[in-house]
Amino acid sequence: MWKGVRNALLLTALPLAMGGAAFAQEAQPNLSKEAKEGSAKIYFERCAGCHGVLRKGATGKNLEPANTAKLGQARLEKILTNGTDGGMVNFDDILTKDEIKNMATYIQMTPDVPPEWGIKEMTNSWKVTVKPEDRPKKQMNKVNLKNVFSVTLRDSGEVALIDGDTKKIWTIIKTGYAVHISRLSASGRFVFVIGRDGKLDMIDLWMETPGVVATIKIGLDARSVETSKFKGFEDKYAVAGSYWPPQYVIMDGQDLKPLKIVSTRSMTVDGEYHPEPRVASIVSSEIKPEWVINVKETGQILLVDYSDIENLKTTTIASAKFLHDGGWDASKRYFLVAANASNKIAAVDTKLGKLAALIDVKKLPHPGRGANFAHPKFGPVWATGHLGADVVTLISTPSDDKKNAKFKEFNWKVVQEVKHVPGNLFVKTHPKSKNLWADSPQNPDKELAESVAVWDMADLSKPKKIINVAKDSGLPETKATRRAVHPEYSADGSEVWISLWGGKTDQSAIVVYDDKTLAMKKVITDPKMITPTGKFNVYNTQHDIY
Ligand code: DHE
């Protein structure tokens, strides 16, 4: 699908030109046009997220030919089939034997360089389906919008809007490929949904039945979108980051017109040039007209001041490489982000525009947005789980509240590691809750991947409660794992919604729990509920409550 910069001919011709007879006899990895295109598609859909399109490595290993050729065809096929202890998943239940064989060859070939995607391409892809002046002037439905959940239906390229009060699917909306996240406008009226294919859709919740009012393709591979939330800039801008090309784009928050594109190609914190520094998480500050934009490969955290986008001012903060996801502390002054393959958490002081701390943690931290609560012994803490370690890490965060002065000595220290299991992706709590929830969908043990753990935050030494979400769903047992993923609270903090993420043809569900009693309340399922993963409660996402 992408144009190659060099082809296999060049590779095979080089040794001959150098006169090396021994070289000439060695078969260079090669594939038919069809097999190469098929492998390129699989690589984009399944591998590029962790390894990068240029295969320079990030969460996953560097897969440039110099490294893959050393491993060789047989070993690569084995790794692809069975996965590794290092966190690489097994593909034997996803890909055919031939596909695995071709992939093993493909990753020994020189990576293709995808095309750039500038203002011309963005503008050509941009459509305003309902102009701002033709949109409703008031809310045209009776749904409690605060408690609507925008649910990613990963493999069908859709989001389901679910009414959190009635637990009924309100509508299902066609979006980009394998939608990643939904984020809200400052007003809570518009939902912005980004697909892995870079398609960004803007949905108006005021319509009688919500639908897409504007759409644009911001790149070829993307994960993040956010809006302007500072006072005076509400609903004014949207910003989306792409993995390829490595850049972010600022758009009009009313119709997605692309206004400014900024490349993130630059130097890593180690001083090396990187051609593919992908945009990972983006959050919007409530104390300044600013976005925090985290650039994965370089480890640079950008504070982008959007008060004058013609004369864009950016503060560049060096932290650690492989920035991924993160969230605000309870005061919303500090942003904590995982530098996942560096096993660190970087904390940015957005008031001063400086790095506040770089904290060593266990392997592969993965907070989602993290979880904030008052620890009985250490005061305010922010929690992250880990993909690669069996703990939930609690980090003490500063507070201006006088009653927390006694905890100052702990600030930015890991104050506790609560025993969990590896393969965790998301932790969650709510200011009105006494519980901390953590999933473990990437754990190789089926039962653990189908379960979540809950701790009483008042006494973390009490045994955690394990809830088997797959069993509670009452759905028929399947051979394939149905991963229990992404706990998300209702707007009032009384319920926790967990996705039960089955295969594309399996029946999946969202299982809703009462947060106080931990009793199962409702199973939301439907043949159209295909591979639900992330769930974004309108009110909690709008106000960054976690
Ligand atoms: Fe995510 C957030 C990237 C795989 C579900 N994911 C994020 C963010 C990034 C990211 C950069 C932060 C966005 C922000 O806050 O602005 N995710 C990636 C990847 O690169 C990766 C590892 C591989 C890939 O190819 O995409 C990846 N992510 C997954 C999944 O497989 C998950 C579990 C299921 C799915 O739907 O694809 C998944 N990612 C999520 C969710 C969030 C997320 C639910 C938002 C968490 C939140 O509570 O805000």
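This briefing covers a sheet, an iron site and a helix pair. The model is predicted. His180 is the only protein donor of the ligand's iron atom. Helix 3 and helix 5 pack at about 85°.

**The sheet**
- Strands pair through backbone hydrogen bonds, in a parallel or an antiparallel sense.
- Two bridges join strand 1 to strand 8 (residues 211-217), in the antiparallel sense.
- In strand 8, alanine 214 stands opposite valine 128.

**The iron site**
- The NE2 atom of His180 lies at 2.1 Å from the iron atom of the ligand.
- Histidine 180 sits in the loop between strand 4 (168-174) and strand 5.

**The helix pair**
- The angle between two packed helices and the distance between their axes describe the packing.
- Helix 3 spans residues 33-51 and helix 5 spans residues 97-106; their axes are 9 Å apart, at an angle of about 85°.
- Angles of 65 to 115 degrees count as roughly perpendicular, so helix 3 is roughly perpendicular to helix 5.
- Helix 3 makes the contact with Ala35, Lys36, Ser39, Ala40, Ile42, Tyr43 and Cys47.
- Helix 5 contributes Glu99, Asn102, Met103 and Tyr106.
- Of the residues in this contact, seven are nonpolar, two polar and two charged.

Conventions:
Residues numbered from 1 in each chain as written. Predicted model: local features only at pLDDT ≥ 70, side-chain atom pairs only at ≥ 80, totals over all residues. Heavy atoms only, no water. Pairing = 2+ DSSP bridges. Helix = DSSP H or I, 4+ residues; strand = E, 2+ residues; numbered from the N terminus. Donors = N, O, S within 2.8 Å, 3.2 Å for Na, K, Ca; no water. Axes fitted to C-alpha atoms, helices over the stretch in contact; angles between N-to-C directions. Parallel < 35°, antiparallel > 145°, perpendicular 65-115°, else oblique. Contact = heavy atoms within 4.5 Å. Nonpolar A, V, L, I, M, F, W, Y, C, P; charged D, E, K, R; others polar.
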